[in-house]
Amino acid sequence: MDRRQFLKIAAASGLFVASDASGLVYAAVPPKELFGVLVDTTRCIGCRRCEEACARSHGLPVPDPNDASVFGTQRTTGTSAYTVVNRYAVGSSQIFVKRQCMHCNQPGCGAACLVKAMLKIPEGPVIWRESKCMGCRYCMVSCPFDVPKFEYDKAIPKIQKCDFCFSRLQAGLKPACVEACPVEALVFGTRREVLEAARARLVKRPDAYFPHIYGEREAGGTGWLYLAGVPFDKIGFNTNLSTTAYPEFTTGFLYSVPFIFVLWPTFLFGLSRITRREGKNETQAGKKG
Amino acid sequence: MRQKMIVCFLLAGAAGLSLLSLAGCKPNTAAGKEVGRPDLILIDGLSMFGPLESTPVPFLHDLHAEIVQKEGRDCTACHLETAKGALSQKYMRLEDTDRQTAMDIYHENCLACHKETAQSGKSSGPVTCGECHVKKPVVFSTRQPVVMDLNLHARHIDAADGKCETCHHQYDEAQKKLVSAPGQEISCRDCHGTLPVENRATFRFVSHESCIACHAEYGAGPRDCGGCHDPANQRSVQKLKTVPRLDRGQPNQVYLTASKEDIGSSRMPSVPFDHAAHEAVASTCRTCHHQTLKACAACHPLYEQAGKSVVPLERAMHAVQSPRSCVGCHETAKFSPNCAGCHGLIEKGALTPFACTRCHAGPPPDEATSRTPAAASLRTPFERSTLEVPEMVEIASLSETFEGVKFAHRRHTEKLETIIASSKLAVHFHGRQDLVCQGCHHHTPVGQTPPRCRSCHGEAPQGAGLHVPAMLAAYHRQCMECHERMEITTASSCTSCHEKKSGSP
């Protein structure tokens, strides 16, 4: 091979790798700020109007907020309940905690989804797109908060989870649960504003809160943040989550695939061509001489 | 052949592993069942000689004392008599000499008694190493320190026929002995602390020596650990109907000022202080006189002094977090259920300039030392106002799912006024009827027509930027959190306050 050919091959393989890699870059810079919600469990009175409003807004069966028997067990979200409120007994007091999708900054479900049916849209909500889903349920496996729920009993099953009322957000409204709360235990704004509000509360009333904002850094940071008056493990939160975003566990490996499958063969092929050529010259020279 | 050997080794390995895992599964004899005892002593006396080789031994004193008593013996079964005739509080020895001797004393004597009892057929204590030196004791201590409050003290005065010198003494440096000092009695803890100082024993030592000896001599009062230290027994101490005032020549009313040395530099007006009234709410003198019965200013200087770690007077009086300072104690009182309804909303420790003059209302300090406030001047009457309080107020501006609230306005204000009028502290600081309004009509001046809530509280939640809640949350949190803080359970469901609108979902 001569120098011209070598340079052509190198340039071609470089371009090939570059175009392939850019297609796999996951978190594009969003055009706006991400939205977030602060859930202040010290204010929640367990009235469950958030559950009622969510069900109404999404056409799900509407629960009866006055039925207190549901507090007998700790519930998770379900295929017809995007959000639930659980009651915990800590010491002599009762603490109510609202559960729903955390809308992580870098959702594990989004990274696990093979077909990008789980997608974090620029405004912040992590949504499920029916047109793309192929039903593998990897999103359920990857979620550290056990949020997405699959409709096993339906002929045409969907994945059901809180969608942050993204259609309402795009219309300039607030999420249904936030509007319904009679004590403003839920505060909506950009994630930055909500985080500032949480920090302000911790500073202003340090005796009322446990000094931690759950979701600030857990799993790389979530859109829904929590404040509580007691340690979070006492009210059903998983406090063993690392601060690494779930996609980051696999991006290193995934990003190296194009390099391995494209650049190395190119390089090795080029090397073998060069060495074979030289060998051919030698034998010819030997034959002559 | 080789294959057979490999198989044999694998089988042996598997067997060994399973045996090991079985060995690890010791049945937990006291699975989850922990016992609380007030008489638990963790014997770790050898720790003064260096790091312990084994775990401290949990020892139940009352259990052993009972057994010894049943055998017809007394404390001398384990406690030797000292030269002074008192009982040594150490076990079977008068002093700690060295590690080996101390260890031998425990091992020989404890085990000897346990073995003897076992031989005579009765159930006995442990004899093996691990049974005493338990790695994970199931017993935990429920011992509560004893507080000699004014009630208990009054009962002791009765028992001692009013002779203070029965218990109270002072150490005379010149004569180098204990003398009684009538009129100068102080708390035991003023001298006896947690660490021994020269020949002054610790409070723990002297309280056990004196109290128990006296109880034993007179056959009255508890002699076992639980009798004094068990929380249940402490609660069941007989409460006298009226605790007579402890008379030690203290003032009834006094003007509080800085100390004599500092009075020249002191500028704030003196504080008229009703000492007698405060005695009624303090459980013991040490609540305020935490180190000595002298006046606070005797130890707390006006200004911070370099090199000395004494708290300056201002901090001693105003520190919000302190249980002893004036402001700290008042702050704690504000969070009792009767007061927390309104005070829970107000930022903790917020001292307004208005509050200063409520206390600093006496004459200038140099004048104050020679005068005494009149008792009547310290009693603030509840000041009625001329405001017309509406009886019923309809709160219906947000009515959507529920009907409006028919708020029993006058019932609420009258109830709050009754509570305030019954507390001398509350009346002194806000004994004006019109100030009661400020509990709910906050951030506005007092008047007949306070502004409507919606002037400041918007219709829809403003989001994370503002921390003024919108109307819905403002109403709900104002009412419900007040009820919660005041421990009112009657208004417990939505319909307690507003009826559901017919036809609403």
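Reader: Taking a salt bridge as a side-chain nitrogen of Lys or Arg within 4 Å of a carboxyl oxygen of Asp or Glu, how many salt bridges does the count give over all chains?

Author: This is a predicted model, where local features need pLDDT of at least 70 and side-chain atom pairs count only at pLDDT 80 or more, while totals for chains, interfaces and linings use all residues. Residues are numbered from 1 along each chain as its sequence is written, chains are lettered from A and ligands numbered from 1 in the order written, and side-chain values use heavy atoms, without hydrogens or water. By this rule, the total over all chains is 29 salt bridges.

Reader: Is A:E151, which meets A:K154 in a salt bridge, buried or exposed?

Author: The N to O distance between the side chains of A:E151 and A:K154 is 3.0 Å. Buried means under 20% relative accessible area, exposed over 50% and partly exposed in between, with a 1.4 Å probe and protein chains only. A:K154 counts as partly exposed because its relative accessibility is 46%, whereas A:E151, at 5%, is buried.

Reader: In chain B, where does the salt-bridge partner of B:R384 lie?

Author: B:R384 pairs with B:E417, the closest N and O atoms being 3.6 Å apart. B:R384 sits in the loop between helix 14 (365-368) and strand 9 (393-395) of chain B, so the pair ties together parts 33 residues apart in sequence, with B:E417 lying in helix 15 (residues 409-421).

Reader: How many residues has the largest nonpolar core?

Author: A nonpolar core is a set of buried Ala, Val, Leu, Ile, Met, Phe, Trp, Tyr and Cys residues joined through side-chain atoms within 4.5 Å. In the largest one, A:V37, A:F145, A:L186, A:Y214, A:W224, A:Y226 and A:I235 have the most contacts inside the core, whose size is 40 residues.

Reader: Which residues does A:I235 touch, leaving aside its neighbours within four places in sequence?

Author: Contact here means heavy atoms within 4.5 Å. With those neighbours set aside, A:I235, one of the residues with the most contacts inside the largest core, is in contact with A:T41, A:Y88, A:V90, A:I95, A:V97, A:A228 and A:V230.

Reader: How many disulfides does the structure hold over all chains?

Author: A disulfide is a pair of cysteine sulfur atoms within 2.5 Å, and the structure holds zero of them over all chains. For A:C136, which is in no disulfide, the nearest cysteine sulfur is that of A:C113, 6.2 Å away; for A:C139, likewise in none, it is that of A:C136, 6.4 Å away. The total number of disulfides is therefore, under that definition, zero.

Reader: Is A:C165, a residue with a positive phi, buried or exposed?

Author: Phi of A:C165 is near 50 degrees, although the residue is not a glycine. A:C165 lies in the loop between strand 7 (159-160) and helix 5 (166-170) of chain A, and at 7% relative accessibility the residue counts as buried.

Reader: What is the relative accessible area of B:E198?

Author: B:E198 also carries a positive phi of about 50 degrees without being a glycine. Its place is the loop between strand 6 (177-179) and helix 6 (203-218) of chain B, where B:E198 is exposed because its relative accessible area is 78%.

Reader: With which residues is B:H275 in contact beyond four places in sequence?

Author: B:H275 is found in helix 9 (residues 275-281) of chain B and is buried, with a relative accessible area of 17%. Leaving aside neighbours within four places, the residues in contact with B:H275 are B:R245, B:Q250, B:P251, B:N252, B:Q253 and B:H289.

Definitions and conventions. Helix = DSSP H or I, 4+ residues; strand = E, 2+ residues; numbered from the N terminus.
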